[in-house]
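Subject: Structure handover

Hello,

Here is the structure for you to look over. My notes follow below it.

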Amino acid sequence: MRANEKLTNEMYKINLIEELYEIVKNPGKVSKENIEKKIELVIEKGINPIDVLNNGLLKGLREIGDRFGRGDAFLPELMGAANIVEKAMKILKPQILKLKLEKGLSMKRSGVIVIGTVQGDIHDLGKNIVATMLKTYGFEVYDIGVNVPVDTFIAKALHFNANIIGTSALLTTTLYEQKKLIETLREKGLKGRFKVVVGGAPITEEWSKKIGADGYAENAVEAVKVVSELIE
Amino acid sequence: MDLNSLKGQYIEFLSRKDIDDIHYATLDILKNIGVKVFHRTAMKNFADAGADVNFETQIVKIPSRLVEDAIEKTPHEFIWHARNPEKDLKMGGNIIHFSPAALCPFIYDLETGRRRNATYSDCVNLSRIADSLERISDAFCMVYPQDVPESLAHIYILKAIAENSDKCIRGRINGIQIAKDSIRVAEILAKGDKNLADKPNMIALIDAVSPLQMDDNQVGGMIEYVKRGLPVIIACEITSGGTGPATIAGTLVLQNAEILSHIVLAQAIRPGTPLIYGTSSSVMDMRNANLRYGAVELGMINVATAQLARYYKIPSRGAAGFTDSKVLDMQAGYEFVITLLIAALGGVNLLLQTVGGLDLGMSVSYEKVVIDHEILGSIVRAIQGIRVDPEALAVDVIKSIGPGGHFLSHPHTLENFKKEHFIPVLADTDKYSIWEKKGGKEIKERAKEQVQKILQAYEPKPLDKSVQEELDLFVGEVERRDILRRGD
């Protein structure tokens, strides 16, 4: 009888994680689902929050990210999924930290990214999408806004002790700001300290290589991959 | 897509006075000049109904009262029943349907790309493809098979459609035997119910022979359908400047006279028979005498035809989307769009020959079927129009985002983007570098892949076992009859 109860409880936990995975995977279908309630249930039942994160939330997000990469899912779905994960993480994160502390697990900071749109440009849609996705994947993201001068990028990166600077440009006339940032970092001897990732509609891989950037991504899902690789 | 959900009527070329003028000009022609009828029984039907018939000259003059009575008797709308009731088509009102290319003798081979004779296997493939495409209303055979005896083509065409699609079915009219065989198939599909008039599950199309003639063979076929209460599309294919006046208005008058004379005959034989008022008229190219399928005037004639049909409260049929181009080039694309978009925005109820046709309507391209179907998506989107209600106005959403934010993460976007935006699948919308990375393909190559995918994966719903058995028996019967006849 007891063994059965235990089994039922285990099944329940697995089902709940599976359910969260389904919710994140299909953000269009269940947009009205109350994610906060589900996460509170997770805590109430004492389910391992790291399990919930890796095998539920992030698994769902990875799946929709992969579909997005293949052209089978759309931006609002990807962003919808990211939003669900973000909401869930607000409740789950303290639990994860608590668990790590109890079990003596590593408390190392995840990658720190300073991100902004270059000077002369106030387009921020692409930058916002990338920032949201990076945050959702657990990176510490400091969005320093639009029309950001090179010196501000560097000052903020130093201030937050960042690993990566992400710069976005939409206008072909402001592309050169990305080049200027890398040149300035070299001049100041900081090129080795921060990795620079570039993005924006007119940006190509060729341009990224030409100016000596460390990474380039075509879309938000790729941006997560590029940043993860650079941080490892 | 719910096949009956597409409604609309956005453009008109004729004013109410123009329509009246065309109507009275038509009555003048029918009363004073009349039509030449080559079918003996039809002449008698006309005479019995009160027309002035000269059996020597075969000229039938139709008094205006008779024309107007016949219009009165014609149903304003009806349902064309499909094997699958979810795919029944409502005809009339302001509902718009898209039917594929019809009976083209040639096809561009999917593998070699070369133009060749169409075969029975193409009939099967194309019926399956038409069945799989959501915006296509019926799976009429896009090609005419040339690897079967000519005298059996009609029955194989019906077999291919019936077995590979549960959408609506069209029979053929060319001669009494073909009409009777087609109607027998309709009975088999109706599971033996011989009262087809209650739930018409097959319609046929008659082309008037311009100017002002009613052909013996086709009228004979039409009478078979009409006697059973099965709907008939009455269509004209006038080449403006050749078999009709060079003016569009004159073409409309002539066309109207031809259609209305058929309507008078049909209503004289069986009052209340559902009919469709139709056109595939266009202008003649004065350099080579070809009918130009890709002409903008064809689109305009479609719209005017729909206006006249609405005036008479009879469902309308148009034809648009064929192209005169021989290859999948820009001409093929623009002629498709210019004719079909105009016709569709004009609210034609049943648009035939919409997808797949190339080469003056002589050939079908597999790739073009799916490309055209994608373009239909844009046209459908335009017809759906712009929804304006509190949810669509999104005032709360705009307020909640405010200046400088973005709408991508808002649930309103997730909720609405697929409903409000038509998202093409074959069109390339990538940046150059991404397009290059994906193989730098042209739309024709992507279309070919989509066709291959459908042919590999799509399984149409099979016929009920008993229906299939009966159909097989009947096809066998027609084959034996044909062998005996040819043996004579």
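Which strand order does the open sheet of four strands in chain B have? The order is β8-β7-β19-β18 (chain B), and the pairing is mixed. Strands here are DSSP runs of E with at least two residues, helices are runs of H or I with at least four, and both are numbered from the N terminus. Two strands pair if DSSP finds at least two bridges between them.

A word on the source. This is a predicted model, in which local features need pLDDT of at least 70 and side-chain atom pairs count only at pLDDT 80 or more, while totals for chains, interfaces and linings use all residues. Residues are numbered from 1 along each chain as its sequence is written, and chains are lettered from A and ligands numbered from 1 in the order in which they are written.

**Chain B**

β8 (115–117) and β18 (357–358) of chain B stand at its edges. Each has a single partner strand, so one side of each lacks a neighbour in the sheet. Strands β7 (residues 106–108) and β19 (residues 363–365) of chain B pair in the parallel sense, over three bridges. Phe106(B) has Ser363(B) in β19(B) as its bridge partner.

Now look at strand β16 (residues 316–319) of chain B. Two bridges join it to strand β14 (residues 275–279) of chain B, and the two run parallel. Here Tyr277(B) has Ser316(B) as its bridge partner. β16(B) also pairs with strand β17 (residues 350–352) of chain B, in the parallel sense and over three bridges. In that pairing, Gly318(B) stands opposite Leu351(B).

Which way do the residues of β16(B) point? Ser316(B) and Gly318(B) point one way, and Arg317(B) and Ala319(B) the other. All are buried. Buried means that 20 or more other C-beta atoms lie within 10 Å of the residue's own; exposed means 12 or fewer, partly exposed is in between, and C-beta atoms are placed from the backbone. In a regular strand the side chains alternate between the two faces of the sheet.

**Chain A: confidence and layout**

Confidence is lowest in helix α1 (residues 2–25) of chain A, at a mean of 83. It is highest in helix α6 (residues 150–159) of chain A, at 97.

Chain A has nine helices and five strands. From the N terminus on, its elements run α-α-α-α-β-α-β-α-β-α-β-α-β-α. The C-alpha trace spans about 70 × 40 × 25 Å along its principal axes. Of the 232 residues of chain A, 41% count as buried.

Chain A is divided into domain 1 (2–103) and domain 2 (112–231); the bounds come from an automatic or database domain assignment. Their C-alpha centres lie 30 Å apart. The contact takes eight residues from domain 1 of chain A and six residues from domain 2 of chain A. Two residues are in contact if their C-beta atoms, placed from the backbone, lie within 7 Å. On the domain 1 side, α3 (49–70) and α4 (75–103) of chain A are the elements that give two or more residues.

**Chain A: the sheet**

An open sheet of five strands has the order β2-β1-β3-β4-β5 (chain A), with parallel pairing. β2 (140–143) and β5 (215–216) of chain A are at the edges, each with a single partner strand, so one side of each is left without a neighbour in the sheet. Strands β1 (residues 112–117) and β3 (residues 164–168) of chain A pair in the parallel sense over five bridges. Ile113(A) stands opposite Ile164(A) in β3(A).

**Gly138(A)**

Gly138(A) is in the loop between α5 and β2 of chain A. Is Gly138(A) buried or partly exposed? Gly138(A) is partly exposed, with 17 other C-beta atoms within 10 Å. The C-alpha atoms of Gly138(A) and Arg67(A) are separated by 20 Å, and the two residues are 71 apart along the chain.

Best wishes

Conventions
pLDDT is the predictor's confidence in each residue, from 0 to 100.
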